[in-house]
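I opened this notebook to record what I looked up in the structure, entry by entry. The sequence and the model come before the entries.

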Amino acid sequence: MTYGALRKLAARQVRRYSGLVCPQCFHPLLEESNFFCKECRTKWKAIDGIPCFATGDDDRGEISEKEMAQMNALARKVGWRTALKERVAKTNPTLYEQINDEASADFRFLLPLLPHSKVLDIGGGLRTTAFDLQPHCGSITLVAFFKEQAKFIEIRREQERLTNMEVVIADRLPLPFAPETFDVIIVNGSLEWMGQIDRGQKPQALYGQFLKQLHQLLKPGGAIYIGTENRFGIRRILNEGVHRQSRYGGSSPSSFPWVMALFRRFSFKRSDRLSQGGYRKLLEESGFVESQFFMPIPGYHRPVELISLDHPTPLQFYFNQRSSTSARFGKLKENLALWGTSLGVISFLSPHFSMIAWKKKNHA
Amino acid sequence: MLKEIERLILENGPRWEIPFSPPRTLYFTKTGGSKGDPAAQPVVFLLFDQNSATPRWVVKVSRNRATIPILTKEYENLLYFYHRFPSSFRSTLPKPLLSREDPGRFLFVESGLRGKRISPLVQPDGDRAYRRAVGKMFEDVLAWLGQFQKETYKGAVEVTEAWIEEEVKGTIEQYRIRYSVDISEEDFLNDHLERWKEWKKTAIPITGQHGDFRTENIFADGHAVSICDWSLSQKKGRPFDDLFCFLSSLSVGAEEGNPIDSFENLYFEENWFRQQAREIVARFFFRWELSPRLFSQLYPLFLIKQSIREAGGDSLHAVGDSVWRERLLFFIRNRSRFMEV
């Protein structure tokens, strides 16, 4: 069998995994009908064989669509790895490191991944997360928001000859999948962008809709993993490492971070991130029965350490084990950290959150 | 995996603790070894319950196939050492509770240790009270090491031509292959090899070895010392390596973490801690009925061995880093000032 035939076969096999539905009427879509919905008569296009359900023409990825298109052309010729190195390593070394960082998928150890699990990764972007997760689950579906990004992922999938992965281009709301399709859903670093999809609505309302949708897509007993920023995160208050393009975050002049932070602190309508309590409430309202919160260190992009925030002890232990300074100021900082931990201040100011929430099991 | 671990604890807890008080909720901390290369390390879960200030259980899980042998070896060694020790000494290391091997994965559960990790910081200008406190802490650590080595003593090996050939010459050859050696290094290596001839017929003791006896792995609860992370342990090894590893892990007057400054302060600068280190080393050698002068032969050999320890196989920890070679090069350049015991 030729390489081309093998590729086609692999591509066909992939289609088996997810139950694609029409995002308008939620009627099942069949590949044979080329993503044509027999119910509402909508024809969804496929871009280079990737089903595309995105309605807008967004260009807000980590790399512009134009540059991505050039990189994709190169990736087809010389391989994705070389293309990435040539195009990204020099211009954006941080992104290059993030894309190749295996530790970005370290949250997998919290998840109930089994050899037959069906996983949905929403907005993982160019990062290697889904590729690192795929050996540990049955199949993984990647939702990309940008077309050229999706093409790059597809090129990488083809070149790595992975048959348990598929890429879909879609918007966050609504997602083109049938209810109760997935065992695990991952939303790592894309929840805070929700506010961008409809500027007419409050971000919290959009979060609610999005999480309710994810709850529907989960099988009973399934889990959702979310990695996101904290509204009151210390870095956010100090205006460090905040997404510049997000709806409100990082828009403050850097000379007045505290003023803007206080402004954000009290302007509940404008915040596009939530606090621990806010996320917990939202998860509960969306139907999740149990949620666990962690502080990812150094951050949700690289959760090498994940410390439970549901009780002060793990965080206290963490700071206790770290304390190794002899300077007075350092000691004072350590004592403040320990004191703040027992009062819940540190957990309140955690820069990022990693959370897992569970959908209730069906009891026969 | 959290649910799976929870189930494992609740199902097996009554076998491990009698009476068993089941945790109301388990709180997890997931750690991944070194921040530099977490992908090469097994994953460690610390499990807290609502009452404990320290982890009640520790679960270690292989990250991939490459980390399975490391964990398997650690569990085997832990079982070996734990059951070899008298019951009074067992509480100083984690109790191996359960291991489970699934296709492509290995995990084991051990009991958590009490206490706080000891601080690696040593202030060369500390006052008398500080010196006493630090001295006491080191006494406790070295008392533990002494007891551990006594319990695992396996006899002695005599320094012979064959031993020098294998242990010293072989190591030096590997070092030469791995690094491009300049003239001063070459002179030192030849000189070092030559000096070993003076030590023929010396009996080098063989004991168990922790292998990663750094301050990071040592917990102190009052005077009680306990040791975690047995992944690099060996049933047979040289007792000195653990002592040297411990001394090297200290930050002597180098709070910002420059290991070469710390190395210099410990072995090359005159200060109270150098005196203390000298005494510690002397006593250690006397305990094994060896001349403390042997330190000036064993320590460079230890540095050479650490420098060639590759990041792979059993050395996935930070021991294979470039700092060891930097220390060795510093030692070679400044060996006339090196601490004499």
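**Entry 1: strand S4 of chain A**

I first looked up Ile140(A) and found that its bridge partner in S5(A) is Met165(A). I noted that the model is predicted, that local features need pLDDT of at least 70 and side-chain atom pairs pLDDT 80 or more, whereas totals for chains, interfaces and linings use all residues. Residues are numbered from 1 along each chain as its sequence is written, chains are lettered from A and ligands numbered from 1 in the order in which they are written, and side-chain values use heavy atoms, with hydrogens and water left out.

S4(A) and S5(A) pair in the parallel sense over 5 bridges; strands count as paired if DSSP finds at least two bridges between them. Helices (H or I, at least four residues) and strands (E, at least two) are DSSP runs numbered from the N terminus. Strand S3 (residues 118–122) of chain A also pairs with S4(A) in the parallel sense, over 5 bridges, and there Leu120(A) has Thr141(A) as its bridge partner.

I then asked how many residues of strand S4 (residues 139–144) of chain A are buried. The count is 6 of the 6, so the strand is largely enclosed by the rest of the structure. Buried means under 20% relative accessible area, exposed over 50%, and partly exposed in between (1.4 Å probe, protein chains only). In a regular strand the side chains alternate between the two faces of the sheet. I found Ser139(A), Thr141(A) and Val143(A) buried on one side of S4(A), and Ile140(A), Leu142(A) and Ala144(A) buried on the other.

**Entry 2: Val187 of chain A**

Val187(A) lies in strand S6 (residues 182–188) of chain A. Its relative accessibility is 1%, so I list Val187(A) as buried. Its C-alpha atom is separated by 6.8 Å from that of Gly123(A), 64 residues apart along the chain.

**Entry 3: backbone geometry**

Most residues other than glycine have a negative phi, and most peptide bonds are trans. I looked up departures from this pattern.

- The peptide bond joining Ile297(A) and Pro298(A) is cis, with omega about 5 degrees; Pro298(A) is placed in strand S8 (residues 290–299) of chain A.
- Arg161(A), not a glycine, has a positive phi of about 55 degrees. Arg161(A) is in the loop between helix H6 (147–159) and strand S5 (165–169) of chain A and is exposed, at 58% relative accessible area.
- Asp229(B) also has a positive phi, near 55 degrees. Asp229(B) lies in the loop between S12 and strand S13 (234–237) of chain B and is buried, at 13%.

**Entry 4: an open sheet in chain B**

Which order do the strands of this sheet take? I read S6-S11-S12 (chain B), an open sheet of 3 strands with antiparallel pairing. Strand S6 (116–117) and strand S12 (224–227) are the edge strands, each pairing on one side only. Strand S11 (residues 218–221) of chain B is joined to S12(B) by 4 bridges, and Asp221(B) has Ala224(B) as its bridge partner in S12(B).

**Entry 5: Val345 of chain A**

At 37% relative accessibility, Val345(A) counts as partly exposed.
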